[in-house]
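Me: I would like to learn how to read a sheet in a model. Please take me through one.

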Amino acid sequence: MKKEKNIKAEEKIIFHIDVNSAFLSWSAVRKLRDEPGSVDLRTIPAVVGGDRTKRHGIVTAKSLPAKKYGIRTAETIASAMQKCPGLVIVPSDFQTYREYSRGFLKILREYTPLVEQASIDEAYMDATDLCRQRLENSPERLRRLAVELAGQIRQRIFGELGFTVNIGISSNRLLAKMASDFTKPDKTHTLFPEEVEEKMWPLPIGELYGCGSRTCERLRTLGIQTIGDAAGIPVEVLIDHFGEKTGKYIHNASNGIGRAGVSPVREDAKSYSNEWTTSSDITQETYEAEFMPLLQHLCDKVAGRLQRDGVYGKTVVVTVKTDDFRRRSAQRQLPDATNRTEVLFQASADLADKLLLGEKGLFAEGAGIRLVGAGVTDLDDGSYRQMSLLDWDPGEDQAENNVKQEAGKGIPGKPDSSGKEGPEKEIREKTEEAEREDPKKGNPGKPDGAEKEDPETNLQAITDSVAAGSGEKRDNPSDRAARLREMEARINRRYGDGTVHRGAGSEFSE
């Protein structure tokens, strides 16, 4: 008993807080807020992503009723609809996701600054000092207080924000993460080292955090069916079969060994990337239907993280892992750094075509693809980013002109206090009339429906467009050239012929 008290007095208390079905939950809360009395998406078979009528896109989140139909994250909408014909499909809403993510992190940080965001919907929290402050020299009560505190946090998040979280508690991050994945939703679970044998070892090997599906398949061929089986295998055997890094990880993780530190300060990243291991191999026949929607989803995630941190990337990287576990990648340097989804996806799609298609592509070698990754390197803060004509917003220009006109009263050619206007009025009226007469000329450089040029609006509009199947998968070069010529004409019309000069080799030179 004395030994147990000493352990409790010295151990860390780490929380892993995970939002239950985050994207689906946040969409549901937003809908209930905007449409009181509407159905709660969490109570019916519902998913986020894609479009029902066109059967495009992939599932990015699902409700528990949808999960009962066997619907999985990252499977195609068409496949999900086959499993559940009455499935409700809602579009992605990244602006809402960020709003609720910031809200739940704000609540956590009101308890302690020792909060480390792991992703948009999960975080680690070092609750050691919070619990010790309430101990009153009773170390044996530490864990009970931790459970009570977790319950208070869960109730507060639900009461203030309207969605539920699971909280896992342990003395290290790995076990806290494993605990938060136990029974859902809205639960608190503990998984301390002495509980590993009872709570974790009986679980299927596929539930070991950080152990991918292909690694699990290979473990099963060795007769390893449960996490406990893996824990009993000598580390040397695991290293022989999986290599030193993976072998050691399987050994340590299955025995509950992990680090306890929580770092509230995010280090500057050198690159941003997201990867996804597919449930079945992607072949040339399923390339457009399965690979491209997944690549789009990964570019969405990377762009969202870039925008969140206010940085831009200049080199785009696409990575794949083949069915024989070879990892191959291709990269391209962009003319200008970006954090825009459509730019990343266009470049990534071109790289993927060159890597996989054609006589020298991986598909020609008979390879299947089991992992897809997209990312960017060569990061900067955008200080020296070259603006494209497609970024130009005439609305901002008009606002600036209005200010200048107001400040320039009495100057020849400007409105004066008497209400008389100079010769520029005729030019301005003709310009505005021409714009009114041509309804096809919208706000250049923006997706339909976007009211202003900001990263979140762009990401949302583009994601909705792709998910609904209304946008082109690839940017048509002729369309881009036409848009650039339109920008040239509008700028020259407003500021005078010759304002825009075409350089040699310009992508819209004739």
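Me: How many bridges join strand S1 to strand S6, and do they run parallel or antiparallel?

Reply: Strands of a sheet pair through backbone hydrogen bonds, either parallel or antiparallel. Here, five bridges join S1 (residues 14-19) to S6 (residues 122-126), and the two run antiparallel. Two strands count as paired if DSSP finds at least two bridges between them. Strands are DSSP runs of E, at least two residues; helices are runs of H or I, at least four; both are numbered from the N terminus. Within this pair, isoleucine 17 has alanine 123 of S6 as its bridge partner.

Me: What should I know about the model and its numbering?

Reply: This is a predicted model: local features need pLDDT of at least 70, side-chain atom pairs count only at pLDDT 80 or more, and totals for chains, interfaces and linings use all residues. Residues are numbered from 1 along each chain as its sequence is written, and side-chain values use heavy atoms, with hydrogens and water left out.

Me: Which strand does S1 join through six bridges?

Reply: That is S7, again antiparallel to S1. Phenylalanine 15 stands opposite isoleucine 169 in S7.

Me: In what order do the five strands lie?

Reply: The open sheet reads S5-S6-S1-S7-S8, with mixed pairing. S5 (115-119) and S8 (188-190) are at the edges with a single partner strand each, so one side of each has no neighbour in the sheet.

Me: Which way do the side chains of S1 point?

Reply: In a regular strand the side chains alternate between the two faces of the sheet. In S1, Ile14, His16 and Asp18 point one way, and Phe15, Ile17 and Val19 the other. All are buried, meaning under 20% relative accessible area (1.4 Å probe, protein chains only).

Terms used. Buried means under 20% relative accessible area, exposed over 50%, partly exposed in between (1.4 Å probe, protein chains only).
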